[in-house]
Amino acid sequence: MSIHAVPIDKGAKAAFASDTRPAALFGQGGHEPYARSLPLGLGRLTLRPESALPESIGPVTFSMLRWSAPATVGERDLLRTLRGPVLDVGCGPGRMLEAAREQGLASLGVDSSAAAVQLATDRGGAAILGSIFDPVPHERGWGSALLLDGNIGIGGNIRVLLERVASLLAPGGQVLAEAETPDSLDVAYLAVLEDSDGHASAAFPWARAGANALALHAARAGLDCVARRTVQRRVFLTLELRPENPTAATAATAATTRTSQKTPRACA
C-alpha cells in the first residue's frame, strides 16, 4: 500500500523550512527516554505519531541492544564500499564509528544527544555534540556520510536533510542511506519516542521513506542513486553527489525532472 506525505499542523510547519531548526530533537524533552535508555543498552524504544493522522502510520520499534552492539558483518561490508573520511550523522553510541576505525577509515560522528556522544567517545570514536544543521568540521571534505537506523528522518524533511549532507561532501562523495518498506512510503509528521514503561519524549518533526521515495528526494537534493542493496532484510541506497559543472548541471536538471515521475533505474 502506498502511503503519502500527510499534513501537519501550523505550529509544526516552521520546523520543516530549510532555514529553520526544529524546536525539539529525536527522543529529547519530556521524560528523556532516549538519554535514559542509552547507558543501559537494553530494552526497546517506540517511535509513534504524536496524535492520530489521516492515514494509518504504524509505530517503529528500535532495539537498544542492537544499537549498542558492534556493527554487523553486513554493515561492515557496506562500509567497505565507501571512501573516507566518513561522517556518521546521528551516530548514537558509536558502533559504526568503531567499525570504521577498525577498517582504517577516518570518521566523525554528530549527534544531538549528549549521552550518545559520551558513549561514542568512551568507545574510542570521535564525536561532536550538535545538529547536522550546525557548522560541521571539514565541510565539503567528507568522502562519505552515513544516514542509518532511521536517521533519514532527522528534522522531518528528507530533501532538506539530504541537501545539507550533500553540502558537506567532497566531489564524488557518497551517502549511505537506509530506507524503509514499502518502497513508496513517504511520510512526515510530529512524532514522540516512548520507552517500554510508557515514558515519552516531547514531540519532534520526523520523516520516513521507502527506497523509491528516498531516491526521488535524493535526486531533488543533487544526489544520484547509484546502488541499492538489501542486507539482512534492511534496504540501503548509495547516493552519489552530482558533479558541479555547466554540462553536468544541465543534465542534472533534466534527470531531476525525469526522476520526479519515476524512480532512478539503479534503485528500482
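1. Start at the surface. Leu 65 is exposed, because its relative accessibility is 53%, where exposed means over 50%, buried under 20% and partly exposed in between (1.4 Å probe, protein chains only). Leu 65 sits in helix 3, residues 64-68. Helices (H or I, at least four residues) and strands (E, at least two) are DSSP runs, numbered from the N terminus.

2. A note on the model. It is predicted, so local features need pLDDT of at least 70 and side-chain atom pairs count only at pLDDT 80 or more, while totals for chains, interfaces and linings use all residues. Residues are numbered from 1 along each chain as its sequence is written, and side-chain values use heavy atoms, with hydrogens and water left out.

3. Together with Leu 40 and Leu 42, Leu 65 forms a nonpolar surface patch with about 340 Å² of accessible area. Patch residues have over 30% relative accessible area and no salt bridge; like charges are joined within 9 Å, and nonpolar side chains (Val, Leu, Ile, Met, Phe, Trp, Tyr) within 5 Å. Accessible areas come from the Shrake-Rupley method with a 1.4 Å probe; for residues, only the protein chains shown count as cover.

4. Now the overall build. The protein has nine helices and 11 strands. Of its 268 residues, 52% are buried. The accessible surface is about 11,900 Å², and carbon and sulfur atoms hold 54% of that. Take the contacts (heavy atoms within 4.5 Å): among those between residues at least 6 apart in sequence, 68% join residues at least 24 apart.

5. Ala 191 shows the buried side. This residue of strand 8 (186-195) counts as buried because its relative accessible area is 0%. Ala 191 touches Leu 47, Arg 48, Pro 49, Glu 50, Ala 202, Ala 203, Phe 204 and Trp 206, leaving aside residues up to four places away in sequence. Pro 59 is 132 residues from Ala 191 in sequence, with 9.6 Å between their C-alpha atoms.

6. The largest pocket contains about 390 Å³ of space. Its lining has 20 residues, and Val 60, Phe 62, Glu 178, Ala 179 and Glu 180 are the closest to its centre. Strands 1 (44-49), 2 (60-63), 7 (169-179), 9 (204-209) and 11 (234-241) each give two or more residues to the lining. Strand 2 gives the most, with four.

7. A salt bridge puts a side-chain nitrogen of Lys or Arg within 4 Å of a carboxyl oxygen of Asp or Glu. Arg 234 and Glu 178 meet at 2.8 Å, N to O. This pair spans 56 residues, from strand 11 to strand 7. Arg 208 pairs with Glu 180, with the closest N and O atoms 2.9 Å apart. Here strand 9 is linked to the loop between strand 7 and strand 8, 28 residues apart. Arg 208 is buried at 8%; Glu 180 is partly exposed at 23%.

8. Glu 163 and Arg 159 meet at 2.6 Å, N to O. Both lie in helix 7 (158-168), four residues apart, about one turn of the helix. Glu 163 is partly exposed at 31%, and Arg 159 is partly exposed at 30%.

9. How many salt bridges are there by this rule? The count is 16. Arg 66, Glu 75, Arg 95, Asp 149, Glu 178 and Arg 234 are linked in a network of them.

How values were computed: 1 Å grid on protein atoms, 1.4 Å probe; cavity = no way out; pocket = protein on both sides within 12 Å on 5 of 7 lines; lining within 4 Å. Points joined across faces, edges and corners; volume = space filled by probe spheres on them.
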